[in-house]
Amino acid sequence: MIRRVRLHTAVVPMAAAFDHATRSRRSAASLLVEIELAGTRGWGEGAPRDYVTGETLDGAVRAVQACDPGELAERIEWRDFESAVASIAQLPLTGLVDGSSAAAAVEIALLDAVCRHFARPLADVLRVLAPPARSRRDGPTSVSLVIHLSRDVATVLDALTPRALAALRHVKIKVADPAGAVDRLTAAQDRLPADTRVSLDVNGAWTAEEAEKVAGELDGVGWVEEPLPPRSWPELGRLRRATGLPVMLDESCTGPADLHAAATSGAASHINVRLSKCGGFLAAARLALRADELGVGCQLGVHVAEVGPLWAAGRTLATAWDLWQTVEAGRADEWFPVPLTTPAFTVDRSLHRVEPLTGPGTGIEPTEELLRHTRCAATWESGGGWRRNT
Ligand SMILES: [Mg+2]
């Protein structure tokens, strides 16, 4: 049933750099997986980030090449949509493909191809997980305002119209040193409506001592994201017990094993669920359901500079489920002024809101502009195996 698979590397320059405590990003670097069935094709994306999952773009290409699409296709029940989705949900993709973002690119491409083949939207895939009724929704959803490290909090918030300020449900602020974090939090709290939540993202930059010392000055913070170096389980547990600080894990939590370690050590009140680092659309959705059962809150986050299938699949989760404490949309419209997808990425920045996409599949197609910045690194043909393009 799978006729051809192409692995593309997409390196797209960004109109502006994005900085956080330990990194600066100036171009997108995604793996695009294109899966061709008879008469239709699906697209998936992974965002390999060495500082999140230890993956590189080239390594992700090799990881996908190490698996046999013919074997995958044989394990998929093609007779109807529900059977196909159920069989994909059973595939141990994160075991078959080494690396979360490589697995995510394959998983999303398979799901997109199957959805398009049966003319169904990606949201229909979620039924296979039998989510609790209270988690279901279908409509526009509020998204966070994220303030970069290089931006002054007061300047950003003072530039908003009163309507945009009132519509804000969540502001996430990138921070570096603890003293600066207190100043940035206070600047936001002074300007925001009392019911708008503020979170700080430290990206692992603090020591346990610094975090314990500053916790008492972070009154009213919604949570602090990744305060310590990744997977400092005992230190995180101690920080939470000593200070009561709500802690969200991001780099520390890429799958069920991390969630389990976090829950048993008391390291987290929240996790940041991002599709690429969690191994895909269904993988991320499953992790969120498990967190919900454990009483751990979830943010649906994005990787910086997702170029298409990733943000579209994320938007499906954002608008199909009501499980999220908050949702990030990303800034693809600002980073890539020439649209990389049809329809183009949009966010209503006056209401901080995104609309659901309409299917089939993820609902988006790559534009010429995106394809212009991609390079086909390897091709697999049914009956012919993999061929690496040099
Ligand atoms: Mg983060």
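The model is predicted, with local features needing pLDDT of at least 70, side-chain atom pairs counting only at pLDDT 80 or more, and totals for chains, interfaces and linings using all residues. Residues are numbered from 1 along each chain as its sequence is written, and side-chain values use heavy atoms, with hydrogens and water left out.

The protein chain splits into domain 1 (4-127 + 367-388) and domain 2 (130-363), with bounds from an automatic or database domain assignment. Their C-alpha centres sit 24 Å apart. Contact (heavy atoms within 4.5 Å) involves 47 residues from domain 1 and 52 residues from domain 2.

Putting the two together buries about 3800 Å², and carbon and sulfur atoms give 69% of that; buried area is the accessible area (1.4 Å probe) that two parts lose on being put together, summed over both. On the domain 1 side, Phe18, Leu122 and Leu126 supply 18% of the area buried against domain 2, more than any other three residues. Salt bridges (a side-chain nitrogen of Lys or Arg within 4 Å of a carboxyl oxygen of Asp or Glu) number zero between domain 1 and domain 2.

As for cysteines, the structure has zero disulfides (a pair of cysteine sulfur atoms within 2.5 Å). The sulfur of Cys67 is 15 Å from the closest cysteine sulfur, in Cys376, so the gap is too far for a bond. Cys115 is in no disulfide either, its nearest cysteine sulfur, that of Cys67, being 19 Å away. Cys115 is buried, at 0% relative accessible area (buried means under 20%, exposed over 50%, partly exposed in between; 1.4 Å probe, protein chains only).
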